[in-house]
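Subject: Structure handover

Hello,

Please open it first, then read my notes below.

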Amino acid sequence: MSSLTMLIKSAQSSHARGDYAAAVRSYEGILARDPRNYDVAYLMAVALYQAGRLERALAAFAAAAKLNPRRFEPHKDRGLILMKLGQHEEAAQSFASALKLSPRSPELLLNRGLALKNAGRTEEAIQSYRAAIRLKPDLAEAHNNLGNALAMLGQSEEALEAYSTAYRLKPLYAEAQVNAARLLLELYRFTQARDVLDSCIARTPGHAEAHRSLAECLHVLGNDEAALAAASRAIALAPRQAAAFLTRAGLLESLRRDGEALDDYSRAQELEPANVPALLARARLLCRQSRFEEALRACDLAIAAEPGNARAYYRAGRAFEGCRDFGAALASYDKAGELDPVWPEPELRRIFALSGLGRLEEALAAADAVVCSHPDLADAHLARASILRDLRRAEEALASYDRAIALVPDRAAPYGARGALRSELGEVAGALEDFGQNLRLLAGSDALLRATAEDCLKLLSVDKIPAIYDTEEELAATRQKVEGVLDELAEAYASHPPLTAVQTRISEQAMQHLAGFYLAYHQRNDRPVMQKLSCAATRLLSLSRYEPPTRPASRQSIRIGIASQRLRNHNGANWAYNWFAQLPRGDYEFFTYNFEPARDQLAAKFAALGTHRQFPSSRTDMHEVVQQMRDDALDFLMLPDVGMTPVSRFLSLHRIAPRQFTAWGHPVTTGSPEMDFYLSSDLMEPTGAADHYSEKLVRMPNLALYLEEREDEDDGEAAARSGPAFGLPEGRVLYGCLQSLFKYVPRYDDILPRIAAEVPDALFVFLEGSSSYITTVLQRRLERCFAAHGLDAGKHVLFLPRQKPSGYDRLMRAMDVCIDSVGWSGGNTTLKNIRFGVPLVTLEGEFMRGRHSSAMFRMIGAEEMIAPSTDAYVERLVRMGKDEAYRRHVADLFRHGRHRLYRDQEFIRALDLFLKANAMPH
């Protein structure tokens, strides 16, 4: 046997057993001796192709074609490689060259059609498929691909006919049936799609794509459990295909099983590391779980895989927002807008990034630009409304909400947003109308859901009440109505079965607007009404009892969670930081949970206490938040301000930690059985105060506050009167009424004209309400009350614009005397009075919230500033106005005694003892 023959046999043997590298070496040796041997050149090209060395294979097929220009195979194989490389135009040319040599080949026509379709030359592809079918009418693959091309051109019925022909010719041709079903889904012919897929699976039960498509179809038909089963079957059949994991992840996400969905998205990414849909879906869910750094890493991978993908930059912007890095978010949105200038979403988010940077005027200009370029885009008008609301341009904000609703009248969310603004403006009836429409749209036509929506609206009517009242009779009537609604709900749900998951989604939407804030300003014992409110909300949410796990014996430190929508410099929480900062740090671990953008120094201090979690301020899935907090295995949960915001109300209804407590951020009982303790000030609570709380009242020493004296504040005497800066007249006795206007109830209005009757130069200085209607109501009341005493309110009452903190402090220092609001006294405000040395008189109220000032006066030895009756209160305020020496005496009392308010280690020791005594045992 010759050496050449031996080489040929060796090459063929290597090729046959799949050792393509050895085969190629042998073929090269043969060609070195016989360079004109076409058969060997062609086989070497095939071996290179099979070895995955595609670029060399292309060159080898080209060389083979030159050796024998009459053979079509090298041109055909070059075309297949070029398609695999994504070079579809070149592939089409290679198939055209092959067809010149073999014009009657239906397979070549089919392949050329595929290349043309992929190159975007769909019409020519259709011609090629039809030519293949004319040559071979039973070529099922040609009919299937013809269907794909026709579908791309929108010729749906012709495409469906082509698919039908394909699987009629080849009954086990599952791909054609799946393609037909997917087209039927696009045409909203869901039942037909399901029937086609059922038929396909009956014939080819092992086809994974059929099960995956069936999962999508069943989801649209509302059968999510069956859809999940189909998706899981697809995964079992093809565990290495990312698409099936993506489908199941989407289904799990729709069922709010985000943890499992995230696992599936992660698995899809593992299978296809550059799978951008999986990466961006992971980023979205990670953001929802406040895992923003992980989300950013997923976005970085998506951007690396597809640098021109605008969605990847957009998603990165959302993650940067979660990290409170609004500058980076703005840059990401700018890049997304540059890559896809037609897509408005990046422009919309730019508005909120600018807002987060405090650049509200720029944000408004950006919103105006989007509205101009997309006048029919409802989200643009909603974004503009949100910025206008932040700018306190309420009427313009309402107009933008109106425009958005006109554009999308069947969309629920805009009604909720407009209702919230109307509520702030005191338009109670309009707010409830909007909330009702919001809930009814979510409920749809289902009678059971609509009934739930109506019950939720009744509960909201308890919350959406006036902030201020024209008369005591109006206040009493409102209170009576509130209690009647709560009693009605209690009776309706006394033996009501638990609500379904779909019903509770309606309830959860309603709870986004339920705080119960203004109920506390009726100056009643709120324990009964708050218990009824909590009971109704719990039943509408169908909350079940949760037992937190026992603290592991291996953990020595006590874990405390602090959660608030306003974990920043705000009256509801600014006292709380020192509660925990002063505790022995080695004995405690702190977890802080914030629910709104917060950029001030106190927010940063809270975050630095320990583990900090920032949750989105809108569209937050609160179930995930609750689960995250439970996963942190807290020993205590502290909610500083239950009743101030919907978030605090919602959290108070859940058992998250073994022990849960609140305190005087909002000095009213929560009414929730899940809140165990109310930590209050012994000096502030009256005898019998336990009856005011559903929680166990814990009377902590003194004020139950640890206060730091502000080193940047002088004693007030050194500060010059700032009257001219506020337009205040000279020569008047200035009485500061600097509390929130809704603290002033009608029953005490006559205190002011009684003072004015004795102090003719008295000028009572108020700050305008957060909404103009609050100011209007109080002005009207005072005008009527002064007139009843024969006085002109216009000469004695002045309303100034609301002030920033520095302006507020200067205004207080400009006052001769301050008048404490009766029934709900000053807290932080009284501390300022004492610090600045501005005289203040107080009248103790019936409840703790009316006794903050008196407790502080007892602490500093200024008991004489506590009036025992309304008449005595008026007498002391009159004396203050007339006797400048007495004012100086009171200022001296404040200055000399104020040091007793600060750095109360007795309280911190008591707090430490309370926490350690009530921590769960090991």
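Rings of Phe, Tyr and Trp (its six-membered ring) count as a pair if their centres lie within 6.5 Å. Keep that cut-off in mind for the aromatic part. Also note that this is a predicted model.

**Aromatic rings**

By that rule there are 30 aromatic pairs. One of them joins Phe-595 and Phe-615. This pair is stacked, with 5.1 Å from centre to centre and 25° between the planes. Phe-595 sits in the loop between β2 and α32 (601-608), and Phe-615 sits in the loop between β3 and α33 (622-631), so the pair ties together parts that are 20 residues apart in sequence. Both Phe-595 and Phe-615 are buried.

Phe-677 and Phe-914 form an edge-to-face pair, because their ring centres are 5.0 Å apart and their planes stand at 90°. Phe-677 belongs to strand β6 (residues 677-681) and Phe-914 to helix α43 (residues 905-918), so this pair links parts that are 237 residues apart in sequence.

**Trp-579**

Trp-579 lies in helix α31 (residues 576-581). Its relative accessible area is 0%, so Trp-579 is buried. What does Trp-579 contact, leaving aside its neighbours within four places in sequence? The list is Met-638, Phe-661, Ala-663, Leu-679, Ala-704, Leu-705, Phe-907, Ile-908 and Leu-911. The side chain of Trp-579 also reaches the backbone oxygen of Ala-704, at 3.1 Å. Trp-579 and Arg-898 are 319 residues apart in sequence, and their C-alpha atoms are 19 Å apart in space.

**The seven-stranded sheet**

Seven strands make an open sheet with parallel pairing. The order is β3-β2-β1-β4-β5-β6-β7. The edges are β3 (611-614) and β7 (696-700), and each of these pairs on one side only. From one strand to the next, the twist averages 25°.

Now the individual pairings. β1 (residues 558-564) and β2 (residues 588-594) run parallel over seven bridges. Ser-564 has Asn-594 in β2 as its bridge partner. β1 also runs parallel to β4, joined by three bridges. There, Ile-562 stands opposite Met-638 in β4. Four bridges pair β4 with strand β5 (residues 659-662), again in the parallel sense. Leu-637 stands opposite Gln-660 in β5.

Strand β4 (residues 636-639) is covered on both faces. Phe-636 and Met-638 are buried on one side, and Leu-637 and Leu-639 are buried on the other. Met-638 is also among the contacts of Trp-579.

**The six-stranded sheet**

Another open sheet has six strands, also with parallel pairing. Its order is β10-β9-β8-β11-β12-β13. Which strands stand at the edges? They are β10 (797-800) and β13 (866-867). Each has a single partner strand, so one side of each is left without a neighbour in the sheet.

Strand β11 (residues 817-819) pairs with strand β12 (residues 840-843) over two bridges, in the parallel sense. Ile-819 stands opposite Val-841 in β12. Helix α36 (residues 772-788) lies across β9 (762-767) and β10. The helix runs at about 170° to β10.

**Charges over rings**

Two arginines to look at. The charged end of Arg-311 sits over the ring of Trp-343, 3.7 Å from the ring centre. Arg-630 lies over the face of Tyr-546, at 3.8 Å from the ring centre.

**Ser-213**

One last residue. Ser-213 is found in helix α13 (residues 208-220). Its relative accessibility is 0%, so Ser-213 counts as buried. The Ser-213 side chain makes a polar contact with the side chain of Arg-182, at 2.7 Å. Leaving aside neighbours within four places in sequence, Ser-213 is in contact with Val-178, Arg-182, Leu-185 and Leu-197.

Best wishes

Conventions
Residues are numbered from 1 along each chain as its sequence is written. This is a predicted model: local features need pLDDT of at least 70, side-chain atom pairs count only at pLDDT 80 or more; totals for chains, interfaces and linings use all residues. Side-chain values use heavy atoms; hydrogens and water are left out. Two strands pair if DSSP finds at least two bridges between them. Axes are lines fitted to C-alpha atoms, for helices over the stretch in contact, and angles run from 0 to 180 degrees between N-to-C directions. Rings of Phe, Tyr and Trp (its six-membered ring) pair if their centres lie within 6.5 Å; planes under 30 degrees apart count as stacked, over 60 as edge-to-face and the rest as tilted. Buried means under 20% relative accessible area, exposed over 50%, partly exposed in between (1.4 Å probe, protein chains only). A charge sits over a ring if NZ of Lys or CZ of Arg is within 6 Å of the ring centre and within 35 degrees of the ring normal. Contact means heavy atoms within 4.5 Å. A polar contact is a pair of N or O atoms within 3.5 Å; within protein, one must be able to donate a hydrogen and the other to accept it, and residues adjacent in sequence count only if both atoms are side-chain atoms.
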